[in-house]
Amino acid sequence: MDENLNLWHIARTQFERAAPFIDDLHGWRGIAEWLFEPERTVRVTLPVVMDDGYVHLFTGYRVLHSQVLGPGKGGIRFHPNVDEDEVKALAAWMTWKCALVEIPFGGAKGGVQCDPTALSSEEKQRLTRRFIAALNHDIGPHTDIPAPDLYTDEATMATVYDTYAMMHPGENNLPAVTGKPLNLGGSHGRAAATAQGVVFATEHFLEVGGMPGLSGLAGTTIAIQGFGNAGRNAARLFHDAGAKVVAVSDTKGGIYDPHGLDLAAVVEHKDSTGSVSGVSGTKPLAPKEVLELPCNVLVPAAIENQITLENVDRVQARLIVEAANGPVTPAADVQLAARKVALLPDILANAGGVIVSYYEWVQNLQNQQWEEHDVVGRLRSKMHRAVEQVVTRCAAIRQGLNGYSEAWSAARPTEPPLPPPNLRTAAYSISLERLRLATKQRGVWP
């Protein structure tokens with residue numbers, strides 16, 4: 001069976017699956033298209049002088065999906081596969097994520113189509129400056145606030161900040177971008193925030209009875225796909241919480257030890273060789289093989305579309321926690337739900353990054369810097385509350401499923417029956433209800 005792996009199509013499918021569970025379905029239909037489509041899509045051509053003196057053209061995108069709840073918020077990624085549909089989907093997911101964890105942002109996303117591994121640090125800086133200069137007034141502290149994403153980091157955000165500040169002299173430009181270095185207005189706790197949120201969400205899900213037989217992280221076996229910022233920090237934080245990290249992988253390969261990896265040795269090997277592959281005493285894996293290992297918790301922390309119809313039947317984890325955006329396709333979602341494999345969706349599990357970005361923005365606006373324990377404590381409270389709300393909503397949906405199935409069938413008589421609802425369905429229904437309510441309260445201007 002063929003699968004449509006276009007991210008904008010996937011976002012639409014997820015959006016539609018939540019529709020039957022929106023309170024006031026009739027009122028929802030009047031604004032559904034408005035809430036799905038992005039408010040603004042910008043495509044820019046970026047000429048950059050390379051180290052060899054030649055000019056190379058790159059294509060960049062910035063999508064502002066929604067400002068219903070506040071200014072747009074979202075990362076900038078550098079990757080060869082960046083295209084408009086991907087950026088639109090990522091921006092939409094950010095809108096729904098912010099609504100779910102109740103922070104006053106809408107969704108946005110930016111990307112440049114390039115191979116960042118082939119760029120020197122100087123070329124990457126020139127490309128970043130050109131991209132921000134091209135966007136200019138399309139971003140800003142009260143309109144659209146960038147942050148790091150795939151193959152960008154705090155050094156990239158320092159360049160974003162400096163470029164934006166040069167174009168807007170005499171203003172407080174610190175809140176125009178988050179994920180900055182600490183001495184340039186960054187926040188304590190921001191570098192590990194995505195991973196910290198993943199760990200808090202997983203731990204609390206177990207604490208509230210999400211997986212019978214497991215009440216906490218102690219002794220839980222964890223496999224992590226991806227060993228970038230999120231994956232590396234998640235491995236450390238899970239280990240510190242008492243879990244056993246049995247496998248990790250990156251784009252070049254993976255490693256497995258059922259007794260638990262020596263993470264210090266893994267990090268040292270990664271830093272010295274550029275890959276986790278080859279750590280002494282471990283079993284080698286293909287990059288995606290980590291998804292199919294026996295473990296309690298699987299954490300996809302790489303890129304989109306990793307668990308699909310092609311490999312979903314080989315997934316052995318009892319719980320999947322989406323540290324990456326969009327790693328599980330809608331078709332795979334259906335099969336996992338039918339097998340009663342629990343899944344903490346991306347708009348919940350990886351929300352730690354945008355939550356602490358919000359805290360950084362607030363600190364910048366107020367010219368303050370909070371202590372790390374304060375930031376982490378606030379993050380824990382946000383993640384725990386969101387997990388509890390999603391678990392409660394999921395139980396309510398399942399209890400009233402027959403009525404919702406009838407609503408779905410009445411609205412879409414030619415479409416397949418309603419898929420089994422899962423935690424993603426519950427999370428989306430909460431987010432979309434909040435957006436519908438805010439839109440109704442604000443009205444349509446003019």
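Predicted model: local features only at pLDDT ≥ 70, side-chain atom pairs only at ≥ 80, totals over all residues.
**Exercise 1.** Work out how the span of helix α15 compares with the expected one, and what sits at its two ends.

*Solution.* Start with the length: α15 covers residues 423–442, which makes 20 residues. From first C-alpha to last, the helix reaches 29 Å, and that's close to the 28 Å expected at 1.5 Å a residue. Next, look at the start, where a side-chain oxygen of Asn422 comes to within 3.1 Å of the backbone nitrogen of Arg424. At the other end, Gly443 follows the helix with a positive phi, near 80°.

**Exercise 2.** Find which strands stand at the edges of the seven-stranded open sheet.

*Solution.* Write down the order first: β9-β8-β7-β6-β10-β11-β12, with mixed pairing. β9 (283–285) and β12 (342–344) each have a single partner strand, so they are the edges, and one side of each lacks a neighbour in the sheet. Neighbouring strands here are turned by 20° against each other on average, ignoring direction. Now zoom in on one pair: β6 (residues 221–225) and β10 (residues 297–300) run parallel, joined by four bridges. Within that pair, Ile222 stands opposite Val297 in β10.

**Exercise 3.** Classify the crossing of helices α7 and α13.

*Solution.* Take the axes of α7 (residues 193–207) and α13 (residues 372–399): they come within 9 Å and cross at roughly 45°.

Note on methods:
Residues numbered from 1 in each chain as written. Heavy atoms only, no water. Expected span 1.5 Å × (residues − 1). Polar contact = N/O pair within 3.5 Å; in protein donor to acceptor, adjacent residues only side chain to side chain. Pairing = 2+ DSSP bridges. Axes fitted to C-alpha atoms, helices over the stretch in contact; angles between N-to-C directions. Parallel < 35°, antiparallel > 145°, perpendicular 65-115°, else oblique.
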